[in-house]
2 protein chains.
Amino acid sequence: MNMSESAAKPPTSADVARLAGVSRSTVSYVLNSPPGARVSAETRERVLKAVRELGYAPSAPARSLRSGNSDVVLFPLPLQPMGQLLETFIDELTEALRRQELSLLIHADRYARGADAARAWAALRPLAVLAESARLTDGAVQVLRRAGVRAIFAWGREEHPGVPTAIFDNRDSGAVAIRHLIGNGHRRIACLVPAGPLAALGADRWEGAKGAADEAGIQLRRVDVGYVREDILQVVRGWQRETDPPTAVFANNDDFALMIISALRECGWSVPDDMAVVGADDLPFCDLVWPRLTSVAMHTRTMGGGAADALTALMENKPYKHRDHMVVHPRVVVRESG
Amino acid sequence: MNMSESAAKPPTSADVARLAGVSRSTVSYVLNSPPGARVSAETRERVLKAVRELGYAPSAPARSLRSGNSDVVLFPLPLQPMGQLLETFIDELTEALRRQELSLLIHADRYARGADAARAWAALRPLAVLAESARLTDGAVQVLRRAGVRAIFAWGREEHPGVPTAIFDNRDSGAVAIRHLIGNGHRRIACLVPAGPLAALGADRWEGAKGAADEAGIQLRRVDVGYVREDILQVVRGWQRETDPPTAVFANNDDFALMIISALRECGWSVPDDMAVVGADDLPFCDLVWPRLTSVAMHTRTMGGGAADALTALMENKPYKHRDHMVVHPRVVVRESG
DNA sequence: GTGAAAGCGCTAACAT
DNA sequence: ATGTTAGCGCTTTCAC
């Protein structure tokens with residue numbers, strides 16, 4: 001086997017046809033077996049043998065060009081880092097699409113926005129696009145529709161008019177965390193707000209937390225923390241000097257929850273007795289540490305599955321309801337830390 | 001603006017030409033400005049206006065079909081979960097490729113293997129493929145080469161003959177961790193081996209750890225743990241009953257390091273005095289907890305950048321050296337925990 | 001059951 | 001400086 005050089009020209013269906021001694025249409029029939037195609041078992045076998053022999057892979061661009069559509073669902077890589085969630089979500093989505101014989105392609109470009117981004121996506125002529133609502137400007141949607149994209153789904157904080165959206169509001173995560181703490185009798189509550197790559201996400205959660213606190217007439221203390229150990233320590237030391245320090249803290253995410261718990265213990269405070277701590281994201285480790293971490297979970301499963309379901313409906317030419325927004329609600333998974 | 005329906009037919013360059021009152025080749029010249037193309041400023045403007053007006057996005061399939069190559073580098077989603085690393089690596093790679101005007105597409109399919117997988121990748125007629133060496137069987141490489149893929153890069157544990165490989169051996173991670181602990185005077189060492197999704201990764205690290213221990217004539221104790229809190233607790237309780245319990249543990253990854261530290265403290269042991277703990281992956285939180293987590297880091301940066309560099313060489317038709325394997329070495333980032 | 005031929009949207013010679 | 005034209009590889013009528 002010679003693996004040292006790339007073929008100048010990939011084998012085409014014509015090459016396969018020639019080798020098998022049939023016409024190109026027969027090759028196509030064998031490979032795609034469309035409704036009315038009838039090929040003798042013997043011919044089919046000859047064709048498949050030739051395919052194997054040549055290492056033939058039909059050109060997706062050519063098929064897509066000819067047939068006018070593809071089996072590709074495009075998922076532009078989210079602008080914001082999603083951490084663990086990204087992999088989970090991709091897996092769920094791939095699995096759901098696989099059942100429909102669709103394939104998921106992730107477009108890795110965190111720079112392009114709006115219509116420019118849409119043009120790049122549209123160029124691939126995907127069957128469907130599943131993008132953050134923040135990136136789906138009206139112009140972007142227009143470009144996609146014009147390019148013949150059959151289905152557009154949005155996900156994110158904002159409901160997109162005219163595009164089915166999985167609403168996924170991190171403000172809600174903040175709100176339910178605070179309501180949970182208030183429900184447990186806490187009146188002096190702090191909320192960590194991270195700097196760095198998670199700043200935008202953290203800001204949303206803070207906003208929701210603040211809203212919930214205001215609603216209950218409780219003052220929520222905002223504590224900005226960098227991704228630096230000293231920051232965390234300063235915060236706890238500061239609390240130690242107060243006469244009425246917070247009794248609970250919403251850490252904004254599970255990593256910060258871990259960090260603040262670690263810092264609290266370092267300073268001799270116990271969780272949850274001296275300080276209740278609630279994280280967010282419900283990462284796997286929440287169940288595995290002492291104390292177990294109370295955390296706000298989002299049902300991401302709904303998103304992947306929901307998008308796939310909507311696609312099914314669309315493929316079956318069912319009416320496509322633009323009102324079909326679905327709201328992904330966060331819930332507090334109560335464990336020991338708060 | 002009517003956003004309610006997908007266009008039956010996307011606008012083509014012919015539509016643009018008609019609207020601008022020019023020929024299709026002129027449209028092509030304006031959009032691609034190839035070396036010898038000369039278009040008057042006025043014509044160019046008319047064409048661009050028509051493009052905007054129609055929301056025209058050139059069809060990538062058609063271009064690729066015609067020109068015989070694309071600007072797509074394909075990165076099949078790794079078979080094994082990579083956690084945080086995945087996002088980091090994708091970002092580094094995208095950034096490196098962007099400078100070459102190449103775009104990264106991630107093929108999300110964790111099922112197909114060998115030649116089957118390669119056929120799916122080859123169908124897209126990418127410029128390059130960057131895949132785990134475990135998936136690049138000889139058959140797979142052959143299919144890709146035949147399909148005219150210009151560059152194939154492997155990454156992973158095994159060096160692939162005939163394909164430049166970023167060697168990234170998790171056995172080395174285990175080995176350096178153990179050597180570090182031995183160097184610190186530890187003689188009774190345990191190694192956690194996780195079950196669940198990280199089992200394969202964990203097995204590699206265990207293997208390397210075992211090898212390093214054998215080399216030093218030290219017995220390494222293998223401790224299999226599920227993703228269950230009780231398992232961790234059992235382990236520590238067991239150690240407490242021993243007369244000569246381990247003095248150090250390689251936790252296999254940072255999450256498990258966190259967990260075991262948490263369990264140790266719960267049982268009244270202090271880290272690193274009663275027990276040294278070393279993690280792996282060097283996740284951001286290693287620097288942010290008490291005690292700071294000693295962890296094994298891989299220079300993933302090398303991988304993304306290295307692949308991009310190799311691509312550059314290739315694009316510039318520099319000789320393509322198959323000996324150009326690069327080994328990504330792990331190193332121990334020493335902090336407080338061990 | 002199989003083959004011939006048209007055409008999807010685009011680019012790049014070649015003409016003008 | 002712009003237009004004409006010939007395919008790229010494939011699917012799909014329509015004949016046979």
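Student: Which residues in helix 6 (residues 114-123) of chain A are buried?

Tutor: Keep in mind that we're looking at a predicted model. In that helix, the buried ones are Gly114(A), Ala117(A), Ala118(A), Trp121(A), Ala122(A) and Ala123(A).

Student: What do the buried residues of helix 6 of chain A pack against?

Tutor: Within chain A, they pack against strand 1 (72-76), strand 2 (103-108), strand 3 (128-132) and helix 7 (138-146). Helix 4 (60-67) of chain B joins in too.

Student: What makes Trp290(B) count as buried?

Tutor: Buried means under 20% relative accessible area. Trp290(B) has 9% relative accessibility, so it counts as buried. You'll find Trp290(B) in the loop between strand 9 (276-280) and strand 10 (294-298) of chain B.

Student: Which residues does Trp290(B) touch, leaving out those up to four places away in sequence?

Tutor: From chain A there are Arg229(A), Ile232(A), Leu233(A), Met259(A), Ser262(A), Ala263(A) and Glu266(A). From chain B there's Arg265(B). Ala307(B), by contrast, is 17 residues along the chain from Trp290(B), and their C-alpha atoms are separated by 37 Å.

Student: How do you know that Leu220(A) is buried?

Tutor: Same test: the cut-off is under 20%, and Leu220(A) comes in at 10% relative accessibility, so buried it is. Leu220(A) belongs to strand 7 (residues 220-225) of chain A. Beyond four places in sequence, Leu220(A) touches several residues, including Ile178(A), Ile189(A), Cys191(A) and Trp206(A).

Student: And why is Asn252(A) called buried?

Tutor: Asn252(A) has a relative accessible area of 1%, and that makes it buried. Asn252(A) is in the loop between strand 8 (248-250) and helix 11 (254-266) of chain A. Setting aside neighbours within four places in sequence, its contacts include Cys191(A), Leu192(A), Arg205(A), Trp206(A) and Val278(A).

Student: Why is chain A called more spread out than a compact globule?

Tutor: For 338 residues the globule rule gives 20 Å, while the radius of gyration of chain A is 27 Å, well over that, so the chain is more spread out than a compact globule. Along its principal axes, the C-alpha trace spans about 90 × 45 × 35 Å. Buried residues still make up 54% of chain A.

Student: What share of the contacts in chain A with a separation of 6 or more comes from residues 24 or more positions apart?

Tutor: That share is 71%.

Student: How do you know that the two copies are related as by a two-fold rotation axis?

Tutor: Chain A superposes on chain B by a rotation of 180°, with 0.1 Å of shift along its axis and an RMSD of 0.1 Å. The copies are therefore related as by a two-fold rotation axis. The contacts go along with this: 100% of the contact residues of chain A recur in chain B, and the same surface serves both copies.

Student: Which residue of chain A comes closest to the rotation axis?

Tutor: Pro61(A), with its C-alpha at 2.0 Å.

Methods
Residues are numbered from 1 along each chain as its sequence is written. Chains are lettered from A and ligands numbered from 1 in the order in which they are written. This is a predicted model: local features need pLDDT of at least 70, side-chain atom pairs count only at pLDDT 80 or more; totals for chains, interfaces and linings use all residues. Side-chain values use heavy atoms; hydrogens and water are left out. The radius of gyration is taken over C-alpha atoms; the globule rule is 2.2 Å times the number of residues to the power 0.38. Buried means under 20% relative accessible area, exposed over 50%, partly exposed in between (1.4 Å probe, protein chains only). Contact means heavy atoms within 4.5 Å. Copies are superposed by least squares on the C-alpha atoms of residues with pLDDT of at least 70 in both. Helices (H or I, at least four residues) and strands (E, at least two) are DSSP runs, numbered from the N terminus.
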